[in-house]
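Okay, thanks everyone. I've got one structure to walk through today, so let me put it up.

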Amino acid sequence: MKKVREQFDRFAKTYDQHSSFQDAAGGDLRRRLQESIPDRCHAQKPFALLDIGCGTGTQDQFLLNDWPDAKIYGVDLSVRMVQEALRKIQAPGFWVYCGTGERLALKGNVMDVVFSNLTLQWIDDLWSAAREISRVLKHEGIFIFNALGPKTLQELQSSVAELYPDIQTPRRFPSMPEMCLAFQQGGLVVKNISVEERTMEYPSFPELLHTIKGIGGNYPVMAGKKGLITVRTMEKLEKVYRDHFGGDGGVPATFEIVWGIATKYDKTGGEIMLDPELLKVLACPECKGALEVPEGENYLLCAHCRLK
């Protein structure tokens, strides 16, 4: 988490210049929120919304435009991102502070909505984050999110692995089943979840790497070898990349996005904390076996390896 914080601190001032993908995903998430927001939030003024991983406040600015009477609270692990958000938004309904999703400095049962745009993949302990989200949400409050999945930048990962097979990927983004398990164990009912792959095209290979670096990513698939990025390395890597994934035109890059909506679960008896319909599509992240809910319990268990 410290390295992630340092990366976002370093590029906070130029983040908005490279965040077109994040901005587009955030716009889609806001539209999903408009379709899913609880009825009471339309009648209740103001309602409270927490944005986890608010960055420079771009989405919060739009959220305030969509719901002028709302109270928007932003949290981000980067001090410099928080400073940029404060410079960008000077509105009476907006507050922002520095913190992490695993430890929200908020009272319980105070938020109607928790919103998170492309942030969960940076959180080390999703179970703790889910528990905190459940704690701060009001009864029947909703958690709406998107996050990058493990196939993100698969072209770059594959090219690096071919050129440097000994390099270990330092961070693997969580899959949809892993997110579901973390959320249900943390006390959230996952009501809707899906996976989408988007292909972005960049004018050049250096521009792709520059964009990743500019948003704080710092080429996560290549961080295992100090000093790996040199001019010669860049040329060799670009050749491998283009040979497999692109021609003489633009450079494609895949982003896997997990979209989801969850509600707060109030512990009453043995109620299942996961929408039963999801059991039809989820699999154990370890052995890919079927998942089941033991009788009288409120957790998922792998029928094969017995992993909770």
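Before I start naming elements: helices here are DSSP runs of H or I with at least four residues, strands are runs of E with at least two, and both are numbered from the N terminus. And keep in mind, this is a predicted model.

Let's begin with the sheet. We have an open sheet of seven strands with mixed pairing, and the order goes β3-β2-β1-β4-β5-β7-β6. At the edges sit β3, residues 94–98, and β6, residues 188–202, each pairing on one side only. On average, neighbouring strands are turned by 15° against each other, ignoring direction.

If you want a spot to look at, find Ile72, which stands opposite Phe94 in β3.

Over on β6, we pick up a helix. That's α8, residues 176–186, packing on the sheet and touching β5 (137–148), β6 and β7 (251–264). The direction of α8 makes about 150° with that of β6.

How much space lies in the largest pocket? About 680 Å³. There are 47 lining residues, and closest to the centre are Phe8, Tyr15, Gln22, Leu118 and Trp122.

Who supplies the lining? At least two residues each come from α2 (20–36), β1 (48–52), α4 (58–66), β2, β4 (111–117), β6 and α9 (205–214). The largest share, four residues, is from α2. By class, the lining splits into 22 nonpolar, 18 polar and seven charged residues.

Okay, that's my tour.

Terms used: Residues numbered from 1 in each chain as written. Predicted model: local features only at pLDDT ≥ 70, side-chain atom pairs only at ≥ 80, totals over all residues. Heavy atoms only, no water. Pairing = 2+ DSSP bridges. Axes fitted to C-alpha atoms, helices over the stretch in contact; angles between N-to-C directions. Contact = heavy atoms within 4.5 Å. 1 Å grid on protein atoms, 1.4 Å probe; cavity = no way out; pocket = protein on both sides within 12 Å on 5 of 7 lines; lining within 4 Å. Points joined across faces, edges and corners; volume = space filled by probe spheres on them. Nonpolar A, V, L, I, M, F, W, Y, C, P; charged D, E, K, R; others polar.
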